[in-house]
Amino acid sequence: MAGAATVGIWLVAAAAAAFNCLVEQQIDRRMARTSWRPTANGELTTVQALVFSSLLCVAGSAVLYWWVNPLTM
């Protein structure tokens, strides 16, 4: 169960990080430290990043629901 919880939480956290790149896309373009990010430099479209984030969230939530427990999800 601990392994499944780790994987599920990792997937949901990755989804949040990917979504954060969308939220901060305009700011990231202006900062030298973050301008290389795929959402900031145009390598990924907003739709692509949103789909990727959504898939990670669904996968992580499913792992947590089915192999850990619904409360953890």
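A polar atom of the serine 53 side chain lies 2.8 Å from the backbone oxygen of alanine 15. The model is predicted, with local features needing pLDDT of at least 70 and side-chain atom pairs counting only at pLDDT 80 or more, while totals for chains, interfaces and linings use all residues. Residues are numbered from 1 along each chain as its sequence is written, and side-chain values use heavy atoms, with hydrogens and water left out.

Serine 53 is placed in helix 4 and, when its neighbours within four places in sequence are left aside, is in contact (heavy atoms within 4.5 Å) with Ala15, Ala18 and Phe19. Tyrosine 65 also belongs to helix 4, which covers residues 46-67; helices here are DSSP runs of H or I with at least four residues, numbered from the N terminus.

The table gives relative accessible areas, where buried means under 20%, exposed over 50% and partly exposed in between, with a 1.4 Å probe and protein chains only.

| Residue | Relative accessible area | Class |
|---|---|---|
| Serine 53 | 6% | buried |
| Tyrosine 65 | 35% | partly exposed |
| Tryptophan 66 | 65% | exposed |

Rings of Phe, Tyr and Trp (its six-membered ring) pair if their centres lie within 6.5 Å, and planes under 30 degrees apart count as stacked, over 60 as edge-to-face and the rest as tilted. The count by this rule is one aromatic pair. Because the ring centres of tyrosine 65 and tryptophan 66 are 4.9 Å apart and their planes stand at 80°, the pair is edge-to-face.

Conventions:
Helices (H or I, at least four residues) and strands (E, at least two) are DSSP runs, numbered from the N terminus. A polar contact is a pair of N or O atoms within 3.5 Å; within protein, one must be able to donate a hydrogen and the other to accept it, and residues adjacent in sequence count only if both atoms are side-chain atoms.
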